[in-house]
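Subject: Structure handover, salt bridges

Hi there,

Here is the structure I promised to pass on.

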Amino acid sequence: MSERTSRLIVPIVVITGVATTATAAYLAYRPDPPPASPAGLTWSVPVTGRLGLVRIDYQLNRLPRLASNQLAIWIEDARGRYVRTLFATSFTANGGFERRPMSLPLWRQASGWESATDSEVKAASRPAQESGRQSVYWDTTDRSGKPVPPGSYTYRVEGNVVWEKRVLFTGSIEVGDTPHASLARVEFLPADTGQEPALVADVRAGYSPGQGLPAGAVTTFTRGS
C-alpha cells in the first residue's frame, strides 16, 4: 500500500449510474433529504439484475483536531462477509494507516484493504467531508460490480474521533422486493470515547427496490483529509 500514499485525488467526480466500478458509492452534500430523488436529478433506469438502491444518511461533525475525521462506510452480508466499501477518507484509504496504524482498524480488517485493487481504492477514496448531513448510496453490487442476491445486509460506519478513540455504527437493511428502513446502533471504542465530541451521529439507511443511482450527478470535493 505504500505506493498509494502519493496518489492524487481528482477533485471532480462525475456519477452517471452506468459504470459499475465508479458509481456504487455516490456522495451527496445537502440537508436531510426526503424520499424523492435529489433536487435537480432524475433517477436512472436500473441496470438489469440489480435489486435497487440503499441510501445511508448520517450527521457529520468535522472536528478541529489532529488524528481525527477518518471515516469508512462499508457493507457486509448476513454472515459477516465483506461485500463492498462505499466511502473511506483518502488519508487512510491510500495507505495512511502505515504511518497511523490506529486509523479505521475494523474497516481495514473486514475489507482486507491492504490487498485492495487500484479500482477499489479509486472508487471508495474521498477527501474528509465538511460538517453537515451527508448521504452515501449503495447500488446493491459487490466489490467486483456484480449484483448481490436479496437478503439482509449490514452497513457499518467507523470513525476515528481522536487517535485510537473510535465510534462504530452498525445497522441492518433488507434488500429485495419491498422498501425497508433502519436506524444504526452506536458503540464507542473504548467506552470513554462517548465523552469526546461527536464525529458522527444519527446513522440510518433506507432501501428503495428497483431504483438506480441519480443520472447526471456531479459532486465536487475541495478538501484533502
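Let me start with Arg-65 and Glu-196, whose side chains form a salt bridge with N and O 3.2 Å apart. By salt bridge I mean a side-chain nitrogen of Lys or Arg within 4 Å of a carboxyl oxygen of Asp or Glu. Arg-65 sits in the loop between strand 4 (52–60) and strand 5 (70–77), and Glu-196 in the loop between strand 12 (185–189) and strand 13 (200–209), so the pair ties together parts 131 residues apart in sequence. Strands here are DSSP runs of E, at least two residues long, numbered from the N terminus.

Both partners are partly exposed: Arg-65 has a relative accessible area of 31%, and Glu-196 one of 23%. (Buried is under 20% relative accessible area, exposed over 50%, partly exposed in between, with a 1.4 Å probe and protein chains only.)

This is a predicted model, where local features need pLDDT of at least 70 and side-chain atom pairs count only at pLDDT 80 or more, while totals for chains, interfaces and linings use all residues. Residues are numbered from 1 along each chain as its sequence is written, and side-chain values use heavy atoms, leaving out hydrogens and water.

Next comes Lys-165, which pairs with Asp-192 at 3.8 Å between the closest N and O atoms. Lys-165 is buried at 18%, whereas Asp-192 is partly exposed at 35%. Arg-65, Lys-165, Asp-192 and Glu-196 belong to a network of salt bridges.

Arg-166 also has a partner, Glu-158, at 2.8 Å, and both residues are buried. The count comes to 12 salt bridges.

Best wishes

Definitions and conventions
Helices (H or I, at least four residues) and strands (E, at least two) are DSSP runs, numbered from the N terminus.
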